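Hi everyone, thanks for making time this morning. I'd like to walk you through one model, so please have a look at it on the screen while I talk.

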Amino acid sequence: MQVNAINNDKRNDYKLKVGVAATTALATGCALAHIAKKQGFSLSPSVIRKTPAKDWAVFSLYDKKRPDRKLIELEEKEILELATASVTGGLAGGLLFDDKKYRKSKVRETVNQLLGNVAVPVACVGAVSRLYKKFKPQILAKIPQVKETGKFTRNFNKALKGIPFSIATVVSLGAGIVAGNKVSNLLNEKVFNKKMDRKIKKTDFAPHVDDVGMAVSLMAEKSKGASFITRIVPAFLCVPGYEVGTHRD
C-alpha cells in the first residue's frame, strides 16, 4: 500500500510539472505572438509559410549586412506582458493539476515571482539603463584607451568601454532582486497575513536574463549577440510561471 501511495505521488508530481510547463509555455507563447503582431509581424499561416524561418519574429537576428531587417523588440512593457502571461499560465496550471490545499501558496508565490522577481528588478534595470544611455558619451569619454596597433588592442579598448555597462547592469539587477524580494515579502505579510522571510533562490535569477537582454537593447549598439539575448528572453520568462504552478508550502 505504501509503495502504491508513493507511486501515485510521483505520477501526480509528474502530471503537475508537465501540465504547468504546458500552460506556462502556451500563455507565454500567446503573449509573444501578441507582441509580434503589434510590432508588425504577420501571424497569418500563409505568410509565415512563405517567410524563411530565419526571418520569423522568434528567430531573426541582427545582421549588419541587412541593417533594415525587422527585429522584434522586447523592452520593459513587453517583458512585463510576457512575465504576466507566464505567471498567469503557471497559476492556471497549478490550480488545474494540483491539490486544492496548495492554492493559497501558489497565489502568494505569484506575488513573489511577478513583483519581486520581475517587476521591481525590471524597473531598476530600466531606470539605470535610461540614465546610462543619457550620459553614455560622457561616461565613455572618461574610459582610458590604449593605442590601437591591431585587432588585439581594438578588442581591448572595446572591452574597456564595456566595463561601465557591465557594472551598471550587475549593480542595478542585484539591487532590484534584493528590493523586489523584500517588497514581495512585505506584501505577502500585509495582504495574506502570513509572515514571510523568503530567501533568494538560484531560480530567482533565471528570469533575469530578460533584464540583461533589456539592458543590452537599451545601452548597447545593435549586434547579433544582443538580438540573440532578446530571442531567448521568452524561454527564461517561463521560469517564474513554472515556479508559481509547482509551488507548495
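A quick note on where the numbers come from. This is a predicted model, in which local features need pLDDT of at least 70, side-chain atom pairs count only at pLDDT 80 or more, and totals for chains, interfaces and linings use all residues. Residues are numbered from 1 along each chain as its sequence is written, and side-chain values use heavy atoms, with hydrogens and water left out.

How confident is the predictor? On pLDDT, its confidence in each residue from 0 to 100, the protein chain averages 83, and 85% of the residues score at least 70. Helix α3 has the highest confidence, with a mean of 94, and helix α6 (residues 209-219) the lowest, at 55.

Now the overall picture. The protein chain has eight helices and zero strands; here helices are DSSP runs of H or I with at least four residues, strands are E runs of at least two, and numbering goes from the N terminus. Of the 249 residues in the protein chain, 38% are buried.

Back to L91, which sits in helix α3 (residues 76-97). Which residues does L91 touch, not counting those up to four places away in sequence? They are K106, V107, T110 and V244, where contact means heavy atoms within 4.5 Å.

K106 belongs to helix α4. Is K106 buried or exposed? Buried, with a relative accessible area of 0%. Leaving aside neighbours within four places in sequence, K106 has contacts that include L91, G94, L95 and D98, as well as V244 and H247.

Finally, helix α4 (residues 103-141) packs with helix α5 (residues 151-192) at an angle of about 150°, and their axes are 7 Å apart. Those axes are lines fitted to C-alpha atoms, for helices over the stretch in contact, and angles run from 0 to 180 degrees between N-to-C directions. So α4 and α5 are roughly antiparallel, a label for angles over 145 degrees.

That's my tour, and I'm happy to take questions.

How values were computed
pLDDT is the predictor's confidence in each residue, from 0 to 100. Buried means under 20% relative accessible area, exposed over 50%, partly exposed in between (1.4 Å probe, protein chains only). Angles under 35 degrees count as roughly parallel, over 145 as roughly antiparallel, 65 to 115 as roughly perpendicular and the rest as oblique.
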